[in-house]
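Here's a quick briefing to read with the model open beside you. It runs from the whole chain down to a few single residues.

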Amino acid sequence: MTVFLKGTDDAPAKTYRLALLDLDGVVYRGADPVEHAAEGIDRAQTLGMRMAYTTNNASRFPHVVADQLRGFGLTLDDGQVITSAVVAARMLRRHLQEGARVLVIGSDHLRDQIRLNKMVPVGKAADKPEAVIQAWYPELSWQDLAQASFAIEGGARYFTTNKDQTLPREGGMAPGNGAMLQAVILATGKQPEDSAGKPESAMYDEARQLLAGDQKILDIDRCLPVGDRLDTDIEAANRGGYDSMLVLTGVARTPAILTAPAKWRPTYLAEDLRSLTAPQPQPSKEADQTWHCGGQTAKVDDDGHVTLRALEGSGDPLSDLDAVRACACALWEYQDRGGDMDALNLPAFVVGA
């Protein structure tokens, strides 16, 4: 059964008590803030929503990330930043015994987390590590990749912090950890046996536990992951049974949203984080298979032709997010009933283009 976009009668910040926010592409791009992100977060917090900042980036200490966010005018504690280094070290400890030697391809933050979880970080294959953990960090070198390959060939188990293929930076998209993994995979013929970061749901599950402290852990249905990537943020939410919100401030673009397989489909679609404090429109379907959302409609006929129409008084569908919402529901339904997605002529939306 197709799962479609949902709507809310009230602000999501009143329905969900914890937002699990991705960082790159949602709150910032490299050193620069994302437009309206701080405004949306501040408003959501005044409605009682708590924030956890979750990132697949394992290169920076949580206090450094928190300082950057405070520089954008946000109020938060260091402990609200959950990095993939934090999650990866906890993951490794479940796989390895206390005192295990781990070759760390990553930053000092990752090494510290390995120590905190009672394992021993090492720096080269000659140290005979029992496992390799690979992460992106700015100083990553050929020597790092070679040491990882040597250790894996020597029998070390292979793990990673995340599999992001790209990383949003100030200048555009840069190669992410997933791209760097390919060098080691090709050299050794071995895939990482586990990953701490999204699209695994462990990032969200660990954040719920870590932020709960001595209090009761919030139920999944009270938490809302928010991200900009279908293949990591949204897939992780779906794997873990969470509702999710996709914002159009980072990686995701409308063609990918409209043709997304079920595992990548978000619960809500928003332009930016201001949507945390605004009711979300509910798409609905009429008897003639036309989908409505706000003042926009979309229909996909049996041969894959997409028709958009604005109701009286509504604006251009190609620049209206409600039209994207209606069109996404129509196309997801078409896809799930076996429609030929390769033959589609997708609308040229300029929203999240």
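Residues 24 or more positions apart make up 70% of the protein's contacts with a separation of 6 or more, a contact being heavy atoms within 4.5 Å. Keep in mind that this is a predicted model: local features need pLDDT of at least 70, side-chain atom pairs count only at pLDDT 80 or more, and totals for chains, interfaces and linings use all residues. Numbering starts from 1 along each chain as its sequence is written, and side-chain values use heavy atoms, with hydrogens and water left out.

**Overall build**

- The protein has eleven helices and 19 strands; these are DSSP runs numbered from the N terminus, with helices being H or I of at least four residues and strands E of at least two.
- Its radius of gyration is 21 Å, close to the 20 Å from the globule rule for 353 residues, so the protein is as compact as a globular protein of that length. The radius is taken over C-alpha atoms, and the rule is 2.2 Å times the number of residues to the power 0.38.
- Along the principal axes, the C-alpha atoms fill a box of roughly 70 × 45 × 35 Å.

**Surface and charge**

- Of the 353 residues, 54% count as buried. Buried means under 20% relative accessible area, exposed means over 50%, and partly exposed is in between (1.4 Å probe, protein chains only).

**Cysteines**

- The disulfide count comes to zero, taking a disulfide as a pair of cysteine sulfur atoms within 2.5 Å.
- For Cys293, the closest cysteine sulfur is in Cys329, 7.5 Å away and too far for a bond. Cys293 is buried, at 1% relative accessibility.
- Cys327 is in no disulfide either, with the nearest cysteine sulfur, that of Cys329, 9.5 Å away. Cys327 counts as buried at 0% relative accessibility.

**Helix 8**

- Helix 8 spans residues 202-212, and its buried residues include Met203, Tyr204, Leu211 and Ala212.
- The helix's buried residues pack against strand 1 (18-22), strand 4, strand 5 (81-83), helix 4 (84-95), strand 13 (223-227) and helix 9 (230-240).
- Just after helix 8 comes Gly213, with a positive phi of about 60°.

- Ala58 sits in the loop between strand 4 (50-55) and helix 3 (62-71), and is buried with a relative accessible area of 2%. Leaving out residues up to four places away in sequence, Ala58 touches Ser84, Ala85, Ser107, His109, Leu110, Ala135 and Thr161. Val86 is 28 residues from Ala58 in sequence, yet the two are 8.0 Å apart in space, C-alpha to C-alpha.
- Thr290 lies in the loop between strand 16 (284-285) and strand 17 (291-293) and counts as buried at 10% relative accessibility. With residues up to four places away in sequence not counted, Thr290 touches Ser284, Lys285, Thr297, Ala298 and Lys299.
- Asn345, in the segment after helix 11 (321-336), is exposed, with a relative accessible area of 67%. Asn345 and Val306 are 39 residues apart in sequence and 7.3 Å apart in space, C-alpha to C-alpha.
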